[in-house]
Amino acid sequence: MRAQHTKNGRPGGGAAADAHQGPGGSRLRVRTVEIRPGEVVLIDQLALPHEERYVTCRTWREVADRIRDMTVRGAPAIGVTAAGGVALAAAEAAAAGPDDPGALRAALEQAAAGLSATRPTAVNLRWALDEMRSVWEAALAAGGAASRPAAVADALLLRAQAIHDDDVDRCLRIGGHGAGLLRAGDRILTHCNAGALATAGYGTALGVVRSAAARHPGISVWVDETRPWLQGARLTAWELQVEGIPYRLISDNMAGHFMRRGEIDGVVVGADRIAADGDVANKIGTYSLSVLAREHGVPFYVAAPLSTVDLATETGDGIPIEERDPAEVTTFRGERIAPEGAEARHPAFDVTPAAGVTAIVTEVGVLRPPFGPALAGACALGRCGP
Ligand code: MRU
């Protein structure tokens, strides 16, 4: 069954949706993900910026489909959404099945495996699924009333909602720490969309920009369009426009030109996975920006919650890189731009070596090189990825 679409506003939102103000004083009133009893509601990022519509998922399989087709995207946002998918799986199993903890566990493991397989690079997805697994395993181990499917489903819904709220809180803290790195008048380059749309709200790299813009006058943003999916041109530009933060959109091949002319004061990007040594996987094109930044002495900051840190992966070489359909490169919005038969590749992410990173901004503070010990220390303060 296809997930349902609702146009122009959150389902059931009405005036309340209009009155909603984003976290941290943000003017962006849309919600990326809402986890409710029996449904997960997503703003449709395939339709933005031209249409604000919502997709309602009622099964974990619908959630998996919407992560795979990038209706929802961005590492923290897909983790939160997957947690909502597990809550739906539990509700489905509780409604349909016998009072059998073994069958419930099997259904939840099946859902977790299906959700986990959707996108391989963002470790936040696995982080969120592990969080959910620890809830259902604890409930099943407790036995008695707590292990009955309906009770487990209730506990999983509450945990998924808490993961959502916790992600917003982490982003606000990242923004606060990161704002201290920027100065009045800074012209900041960002790549892809690491904003409210890529998280439960506020954003990581754009959270830093939002927070800096609220503190320092004259902050402006260079927005890389981010070929081939155009997360920058479609989503980051939209967020900044709604927010009233000045920005200029450039195509990805223009960054070197503006750095050489001294018109970029810093780069702030998000991350899909950070290895134990500080190597960073992020949207394809990030690595090239880091090389340019180094060449021109421009600071290169990565903003990410600890759920993006994967201490089990030693270096960036161990990070799986998602390869998407080459048609996303040879065509544009369904229209062919390369000749028939043209072969293409579409790695969705690349790895920036730790040596190219000036600092990693997390919710527990700003980490500086050497990143190995800094990340290990940060992970002792909060739970990192698997
Ligand atoms: O393919 P996407 O759009 O999911 O890629 C998103 C990015 O690369 C973001 O920079 C990253 O997930 C960090 S989002 C806070």
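**Close-up 1. Helix α10 on the sheet.** Helix α10 (residues 286–295) lies across β5 (187–190), β6, β8 (266–269) and β11, and runs at about 145 degrees to β11. This is a predicted model, in which local features need pLDDT of at least 70 and side-chain atom pairs count only at pLDDT 80 or more, while totals for chains, interfaces and linings use all residues. Residues are numbered from 1 along each chain as its sequence is written, and side-chain values use heavy atoms, with hydrogens and water left out. Helices (H or I, at least four residues) and strands (E, at least two) are DSSP runs, numbered from the N terminus. Axes are lines fitted to C-alpha atoms, for helices over the stretch in contact; angles run from 0 to 180 degrees between N-to-C directions.

**Close-up 2. The open sheet.** Seven strands, in the order β7-β6-β5-β8-β11-β16-β17, form an open sheet with mixed pairing. Two strands pair if DSSP finds at least two bridges between them. β7 (247–250) and β17 (365–367) stand at the edges with a single partner strand each, so one side of each lacks a neighbour in the sheet. From one strand to the next, the twist averages 25 degrees. Strand β6 (residues 220–224) pairs with β7 in the parallel sense over four bridges. W222 has R248 of β7 as its bridge partner. Helix α6 packs on the sheet, where it touches β11 (300–303), β16 (359–362) and β17. The direction of α6 makes about 140 degrees with that of β16. Contact means heavy atoms within 4.5 Å.

**Close-up 3. Helices α3 and α6.** The axes of helix α3 (residues 75–96) and helix α6 (residues 149–179) come within 8 Å and cross at roughly 165 degrees. α3 and α6 are therefore roughly antiparallel to each other (angles over 145 degrees count as such). Residues making the contact include V80, A87 and A94 of α3 and L156, I163 and D167 of α6. The contact residues divide into 15 nonpolar, two polar and one charged. Ala, Val, Leu, Ile, Met, Phe, Trp, Tyr, Cys and Pro count as nonpolar, Asp, Glu, Lys and Arg as charged, and the others, Gly among them, as polar.

**Close-up 4. The β2–β3 hairpin.** Strand β2 (residues 33–36) and strand β3 (residues 39–43) pair in the antiparallel sense over four bridges. R36 stands opposite E39 in β3. Two residues lie between the strands, and G38 takes a positive phi near 80 degrees.

**Close-up 5. The disulfide.** C379 and C384 form a disulfide, with sulfur atoms 1.9 Å apart (the cut-off for a pair of cysteine sulfur atoms is within 2.5 Å). The torsion about the S-S bond is about -90 degrees, so the disulfide of C379 and C384 is left-handed.

Definitions and conventions. Parallel < 35°, antiparallel > 145°, perpendicular 65-115°, else oblique.
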